[in-house]
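Let's take a walk through this structure together. Have the sequence and the 3D view ready.

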Amino acid sequence: MRSSSKKPFSVNFVLFFRPKRLSIPIPSIFLSDREMKVEVEPQAAAYPAPAALVTAFKPDGSANAMTAAWIANICAIPPALVVGIRDVRYTCELIDQTGCFGVNIPSSKIAPEIDYCGLVSGREHDKIKETGLTIFKGKVVEVPLIEECPINIECRVLQKVKVGSHFAFFGEILKVYYSEEMIGEDNKPDLLLGDIIAYGTRKYYRLKEAIGTYGFSRKED
Ligand SMILES: Cc1cc2nc3c(=O)[nH]c(=O)nc-3n(C[C@H](O)[C@H](O)[C@H](O)COP(=O)(O)O)c2cc1C
């Protein structure tokens, strides 16, 4: 049931667009601002990101978890996200076989487990057994999800696009689960209550405080 020779989704190839050069002269104020910047080689820099665990079932029915920081919400209708996964990862193979995957957003309590799942491959390791993480099954599709993570997302692959070394897996969000402990008094999920980890510049961070709500800059008082 989990493995099928038929590919349940399409594989596309990314189109590279040539950026256009503007013929408008850049005002000198912008040029002097640029002198304050440290320029580096092109690299991943759209941070912070979650340090998520991407989960999928192995053919023997056990679960695998891979750490992924290259992950973002991408669409509202249908609700969808995108994960960048390098072609050699075991997780790529598992998602190809099953056509679905889980995304689990962890709290700082399991930071060592998150790091570990990003260092070894499920090809040689049973990472779930080794970390002691607990699995529950998705309700909509056959995905393993991680109990200890305050946010769990069930996804079905919409599209897979090759972008150089990595595939972008576009996943339709089929169901979301929040741990009760991260639901605030307003009945909405709160990242601080969940103690969600942020990742960037090769470091794991804890969130400090909320400094505004959506649209607060335009509120009257
Ligand atoms: C913090 C962190 C973030 C990572 N993010 C990604 C990512 O977004 N995409 C990716 O392909 N690999 C990423 N990796 C590397 C994989 O998690 C790692 O290669 C893992 O062993 C693959 O597991 P698998 O072979 O069981 O799929 C990350 C590793 C760490 C520690």
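This is a predicted model: local features need pLDDT of at least 70, side-chain atom pairs count only at pLDDT 80 or more; totals for chains, interfaces and linings use all residues.

Residues are numbered from 1 along each chain as its sequence is written.

The ligand has 22 residues around it, and Trp70, Thr91, Gly118, Ser121 and Gly122 are the closest. To be near a molecule, a residue needs its C-beta atom, placed from the backbone, within 6 Å of it. Two or more shell residues each come from strand S4 (63-68), strand S6 (80-86) and helix H2 (90-98). Helices (H or I, at least four residues) and strands (E, at least two) are DSSP runs, numbered from the N terminus. S4 gives the largest share, 4 residues.

Now look at H2. Its buried residues (20 or more other C-beta atoms within 10 Å of their own, placed from the backbone) are Thr91, Leu94, Ile95 and Thr98. Down the axis of H2 they fall within an arc of 100°, so they line one face of the helix; that arc is taken from the directions from the helix axis to the C-beta atoms. Their cover includes S4 and S6. After H2 comes Gly99, with a positive phi near 75°.

Last stop: His125, in the loop between helix H3 (111-117) and helix H4 (127-131). His125 and Asn64 are 61 residues apart in sequence, yet 8.9 Å apart in space, C-alpha to C-alpha.

How values were computed. A residue is buried if 20 or more other C-beta atoms lie within 10 Å of its own, exposed if 12 or fewer, and partly exposed in between; C-beta atoms are placed from the backbone. Two residues are in contact if their C-beta atoms, placed from the backbone, lie within 7 Å.
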